[in-house]
Amino acid sequence: MNIKYMKEAIKEAKKAAKIGEVPIGCVIVYEDKIIARGYNKRNTKKTTLAHAELLAIQKASKKLGDWRLEDCTMYVTLEPCQMCAGAIIQARMKEVVVGAMNSKAGCAGSILNILQMEEFNHQAELTTGVLEEECKKVLQDFFKDLRIKNKLEKEENKKLHKNLEEKI
């Protein structure tokens, strides 16, 4: 089951990449059915709050008519940040399945593990490394393409400035 749903999360991540967003995707599963999907839309929506996980949590809560997602499992392509991990715990999510870990901002074990802190009144089950290489590749390809695009734009700007200087 983990692989089937993670593949769906990867599809969501690819939607983000197509619109120029960092490709992070997620799905929430309840009673063996996907009830919510989300992908990163921070730039599109111009808000820090438009992370894949938060958008999916909103949809799942609306679908179930409750903020508590106690019997739900989230599949996410990249380890949640502190904000998303906190929201997952607040939503009482049963389980989180992570594709790739995030050594720079991950809060499901990389930097700290908000999902399983005994100090909180709820902890989520955690599985990591599901389709890890595929999840990493989506991110790596996106950033590789972005670097190439930025380099080409920089070169184009240099040419434009050079042409303007020559005309002056």
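## A loop residue to start from

Leu49 sits in the loop that links helix 2 (42-45) to helix 3. Helices here are DSSP runs of H or I with at least four residues, strands are DSSP runs of E with at least two, and both are numbered from the N terminus. Set aside residues up to four places away in sequence, and Leu49 touches Leu54 and Met83. A contact means heavy atoms within 4.5 Å. Leu49 and Met83 are 34 residues apart along the chain, yet their C-alpha atoms are separated by 8.6 Å.

This is a predicted model, in which local features need pLDDT of at least 70 and side-chain atom pairs count only at pLDDT 80 or more, while totals for chains, interfaces and linings use all residues. Residues are numbered from 1 along each chain as its sequence is written, and side-chain values use heavy atoms, with hydrogens and water left out.

## The whole protein

The protein has five helices and five strands. Read from the N terminus, their order is α-β-β-α-α-β-α-β-β-α. The C-alpha trace spans about 65 × 30 × 30 Å along its principal axes. Of the contacts with a separation of 6 or more, 57% are between residues 24 or more positions apart.

How much of the protein is buried? Buried residues make up 41% of the 168 residues. Buried means under 20% relative accessible area, exposed means over 50%, and partly exposed lies in between (1.4 Å probe, protein chains only). The protein exposes about 10100 Å², and carbon and sulfur atoms supply 50% of that area. These areas come from the Shrake-Rupley method with a 1.4 Å probe; for residues, only the protein chains shown count as cover.

Now the charges. There are 30 positive and 24 negative side chains, and the centres of the two sets lie 7 Å apart. Lys and Arg count as positive, Asp and Glu as negative; His and the chain ends are not counted. Each charge is placed at NZ of Lys, CZ of Arg, CG of Asp or CD of Glu.

Glu12 belongs to helix 1 (residues 2-18). Is Glu12 buried or exposed? Glu12 counts as buried because its relative accessibility is 2%. Its side chain makes a polar contact of 3.3 Å with the side chain of Arg37. A polar contact is a pair of N or O atoms within 3.5 Å; within protein, one must be able to donate a hydrogen and the other to accept it, and residues adjacent in sequence count only if both atoms are side-chain atoms. Beyond four places in sequence, Glu12 touches Gly25, Cys26, Val27, Arg37, Gly38 and Tyr39.

Gly38 lies in strand 2. Gly38 counts as buried because its relative accessibility is 1%. Apart from neighbours within four places in sequence, its contacts are Glu12, Ile24, Gly25, Cys26, Ala52 and Ala56. Gly38 and Lys11 are 27 residues apart along the chain, with C-alpha atoms separated by 10 Å.

## Helix 4 and the cysteines

In helix 4 (residues 82-90), Cys84, Ala85, Ala87, Ile88 and Ile89 are buried. The buried residues of this helix pack against helix 3 (52-64), strand 3 (72-78) and strand 4 (95-100). Just after helix 4, Arg92 takes a positive phi of about 65°.

How many disulfides are in the whole structure? A search finds zero. A disulfide is a pair of cysteine sulfur atoms within 2.5 Å. The closest cysteine sulfur to that of Cys81 is in Cys84, at 3.8 Å, so the pair is too far for a bond. For Cys107, the closest cysteine sulfur is in Cys81, at 6.8 Å, also too far for a bond. Cys81 is buried at 15% relative accessibility, and Cys107 is buried at 5%.

## Loops and an exposed lysine

Asp32 is in the loop between strand 1 (25-30) and strand 2 (33-39). Asp32 is not a glycine, but it has a positive phi of about 65°. At 44% relative accessibility, Asp32 counts as partly exposed. Leu131 lies in the loop between strand 5 (125-127) and helix 5 (132-167). Its phi is near 50°, a positive value in a residue other than glycine.

Lys63 is in helix 3. Lys63 counts as exposed because its relative accessibility is 60%. Lys63 and Lys137 are 74 residues apart in sequence and 31 Å apart in space, C-alpha to C-alpha.
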